Amino acid sequence: MKNEQKRKDRGRIGEFTIETILRFFAGISILTTIAIVWTLFSETIIFFKEVSITEFFTGTKWTPTLEPRHFGILPLFVGTMMIAIGASIIALPFGLGSAIYLSEYAPKRVRKIIKPLLEILAGIPSIVYGFFALTFITPILQKFLPQTQVFNAASASIAVGIMIIPMVASLSEDAMMAIPDSIRQGAYALGSTKFEVATKVIVPAALSGIGSAFVLAVSRAIGETMIVAIAAGQSPVLTFNPLKSIQTMTGFMVNISLGDIQHGTIEYKTVFAVGAMLFVITFVMNIIAKMIVNRYREEY
Amino acid sequence: MEIKIKVENLTFYYGNFKALDNISIDIEDRKITALIGPSGCGKSTFIRTLNRMNDLIAGTKVEGTILLDGKDIMKNEIDAVELRKRVGLVFQKPNPFPKSIYENVVYGPKRHGIKNKAQLDEIVEKSLQGAALWDEVKDKLHGSALALSGGQQQRLCIARCLAMQPEVLLMDEPTSALDPIATMKIEELFETLKKNYAIVIVTHSMQQAGRISDNTGFFLNGELVEFGQTDILFTKPRDKRTEDYITGRFG
Amino acid sequence: MEVRTEQNIYKQKKSRNIRIRKAKNIIFYSIILGATGFGILVLGLLLYQILKTGLAWLSIDFIMNMPSRFPQKAGIKSALAGSIWVISLTALFSFPLGVGTALYLEEYSQKGTWLNKLLQLNISNLAGVPSIVYGMLGLAVFVKMLQFERSILSGALTLTLLILPVIIVASQEAIRSVPETLKQGSFALGVTKWQTITGVVLPYALPGILTGSILAISRAMGEAAPLIMVGAAGYVAFLPSSPLDSFTVLPIQIFNWTSRPQEEFKNIAAAGIIVLMALLLFANGAAVMLRNKYQNRMD
């Protein structure tokens, strides 16, 4: 009896210990968020003690490492947006087209082949896309548009676009597959063609899911680093010409980190200020994507 | 007459919904107690309070006392985990683990610290014999439990309980997912099991209650309307509602 | 009478209307088939381009040599060793943390409470944070604050935080798929919660957990940006011997070579990509095989 009691007590203590450990594990994700916000913003606050906020957000020159130093982030921001827009032009139609095909048209057997292929495309490291942009896409662009520079926004944005096609495709497909079959059958029973069912019934019904997929994909494009570091160039100049060399926010962060940056220098703080801005932009976009999806849930 | 479980003034809530209202009942040892009533009347909820399975559902509340051999199981005199070992539960749908037959039976004993291979083998044989399954599966003990028929799976689940050497067996509509022949086999099994255990069985079939049980309780809307010896309850019900139910006027 | 006129309207319009609508359908079908084909075509082109550029440069020497200023002599030995170090440690840290968090969320923490909601929201937000931001976190916390310096350990911890949300979400899905009846069957035998988790929940969920985790870890294997932030070097001519050594990894070595102007370095970059992709293919193949093996055992 005594032994039994002991075993039980030990068992209870064991259960309690395990739960405590697991709770601690779960807490690590909260700590991660706190640490991200804290590290980015504590350095950024110090950064803004040395650089005026107005200059940072409205200045058109970005030369944080060269005298005379300028800290206008607009060239980087415009560079980032060019990549994001270019990538969207590629990824949205091709991703949505693939999603409609897979969800509404493709026979089961074809789906079974195409889906893993798209997964492979999604699993390719971004460094490989960067290599592809530089050694394959850029030469093609140069052939048709001879004024294209070796490093240019267009080539990088095409590669980023290709990289996020699978993301747009699979999230949009999920949204379309979530629509009950009864709705499709209702439309077919009225004599609709597949085209009409897909474009007039399914896509509108899945619109918020598709919209959220787009927002998430664009957010991903904004945060993409290695492709732009390889193929887009390192020229933080304010330009809207996609065939010219540019620099994005992420490209700047990588570029400066390749050198040995010392803690406490203005370069170090600049990286964190740019990183904080990148974090805020992607965070807001992710929240927007979630809000779109939540609205869509309520409709069902 | 020896009382195994004495329930006094048991009231049970799911959130604000009162699922059981002031139930008092005596479960006799080595007898079969059947609980009947229309679906949603609280009979399943009731037997799940007897081994505190309802603890696993959030937002429930229990009042009253449940005495197992005179000890209050609600007052932590008995640990819920320990209690479930002594009061086994067989579910409506057979739910063997996706493991071998052997592993299913030794699942509980192993986790209660029995490691000796010979001892485990003995438990497997005894439990499967106890559940009248041994002869059918003794040559494929290491085959998957999911390959068995529904009736065999349910008897395996009974064997899994027996392996814990329980004192009480709770059965929650144990044959409702089975065909008549499998049902008959399990009913025959009850006859032998009751020599060693107190059995409480929830059933949707009055015929089954009449065939196998010694005592029967009739539940309606969370209330225990009537409780007594099966033959008396079925022939001379005291309550009008019981009479209506067993004569098939509702439910 | 009226009904009949209406029927006539449709009859007259019928043949033309249906022909146009069917034509539209076929055109649309061609367009989306082309859209789907585009992705696959690009995949083919990409693989072709890399094999064409790099295959001839792939050799035993390439794998066994240290990096060099001369492309003919350069190899990926130190990068390969660095990648293996970093990925092993990342797997070691992230798997228990991810599965543990998923277990806490699914089996311990109550659904609908503010804590559970906060954790879920937080994890899905972390999944959307760009990988380079994790690099900054690693730089500030692991490299500087905890003074692990620019080491394998700093890199592995950074990648652990990066892939943790992916492992958690995949594990949660796998754990959620365990039938409630099985868990109840275990509890009804007087078995404790943790014993139920190790006895029923984890064995049942393991294929899903493993597949998700291996995919996440193989994603970490291709990451360069966060490791550049924590200071993985571009040129390392020695093999790391402890988690506190400095290091480089395959993607960074490839990046380094790609960024050089000489054509030959593009060739060895491609050869490096072939090795990296072969490793990823191997990892993914292992994930699929593990899944199949366990699924067979369960049935």
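This report walks through the chains of a predicted model, with their folds, domains and contacts.

## Ground rules

Residues count from 1 along each chain as its sequence is written, and chains are lettered from A, with ligands numbered from 1, in the order in which they are written. Since the model is predicted, local features need pLDDT of at least 70 and side-chain atom pairs count only at pLDDT 80 or more, while totals for chains, interfaces and linings use all residues.

## Chain A: spread out

Chain A has twelve helices and two strands (helices are DSSP runs of H or I with at least four residues, strands are E runs of at least two, and both are numbered from the N terminus). Reading from the N terminus, the order is α-α-β-β-α-α-α-α-α-α-α-α-α-α. The radius of gyration comes out at 25 Å, well over the 19 Å that the globule rule gives for 300 residues, so chain A is more spread out than a compact globule. Here the radius is taken over C-alpha atoms, and the rule is 2.2 Å times the number of residues to the power 0.38. Along the principal axes, the C-alpha atoms of chain A fill a box of roughly 75 × 70 × 35 Å.

The chain splits into domain 1 (2-50) and domain 2 (63-299), with bounds from an automatic or database domain assignment. Their C-alpha centres lie 34 Å apart. Eight residues of domain 1 of chain A are in contact with eight residues of domain 2 of chain A (contact means C-beta atoms, placed from the backbone, within 7 Å). On the domain 1 side of chain A, that makes five nonpolar, one polar and two charged residues. For these classes, Ala, Val, Leu, Ile, Met, Phe, Trp, Tyr, Cys and Pro are nonpolar, Asp, Glu, Lys and Arg are charged, and the others, Gly among them, are polar.

## Where A meets C

How many residues does each chain bring to the contact between A and C? Chain A puts in 65 residues and chain C puts in 65 residues. On the chain A side, helix α1 (residues 2-50) gives the most, with 17 residues. By class, the side of chain A that touches chain C holds 41 nonpolar, 20 polar and four charged residues.

## Chain C: domains and annotations

The domain assignment of chain C gives domain 1 (2-57) and domain 2 (62-298), and 39 Å separate their centres, taken over C-alpha atoms. Six residues of domain 1 of chain C are in contact with eight residues of domain 2 of chain C. The domain 1 side of chain C has four nonpolar, two polar and no charged residues there.

UniProt, in an unreviewed entry, places "domain: ABC transmembrane type-1" at residues 80-286 of chain C. UniProt positions follow the numbering used here, feature names are shortened, and annotations may be inferred rather than shown by experiment. That span is 76% helix and 0% strand, with its end C-alpha atoms 19 Å apart. The unreviewed entry also lists "transmembrane region" stretches in chain C, including 125-143 and 224-241. Residues 125-143 of chain C are 84% helix and 0% strand, with end C-alpha atoms 24 Å apart. For residues 224-241 of chain C, the figures are 28% helix, 0% strand and 21 Å.

Chain B has ten helices and ten strands. A compact globule with 251 residues would have a radius of gyration near 18 Å, and chain B agrees at 18 Å. The C-alpha box of chain B, along the principal axes, is roughly 55 × 40 × 35 Å.

Six strands of chain B make an open, mixed sheet ordered β6-β7-β8-β3-β9-β10 (strands pair if DSSP finds at least two bridges between them). β6 (87-90) and β10 (223-229) of chain B stand at the edges with a single partner strand each, so one side of each is left without a neighbour in the sheet. Neighbouring strands of this sheet are turned by 15° against each other on average, direction ignored. Helix α1 (residues 43-50) of chain B packs on the sheet, touching β3, β6, β7 (168-172), β8 (198-202) and β9 of chain B, and its direction makes about 150° with that of β8(B). Axes are lines fitted to C-alpha atoms, for helices over the stretch in contact, and angles run from 0 to 180 degrees between N-to-C directions. Within the sheet, β3 (residues 32-36) and β9 (residues 215-220) of chain B run parallel, joined by four bridges, and Thr33(B) stands opposite Asn215(B).

Elsewhere in the strand list, β1 (residues 3-14) and β2 (residues 17-28) of chain B pair antiparallel over eight bridges, with Val7(B) partnered by Ile25(B). Their hairpin has two residues between the strands, and Gly15(B) takes a positive phi near 60°. Strand β1(B) is also joined by eight bridges to β4 (residues 60-68) of chain B, again antiparallel; Glu8(B) has Thr65(B) as its bridge partner there.

Notes. Contact = placed C-beta atoms within 7 Å.
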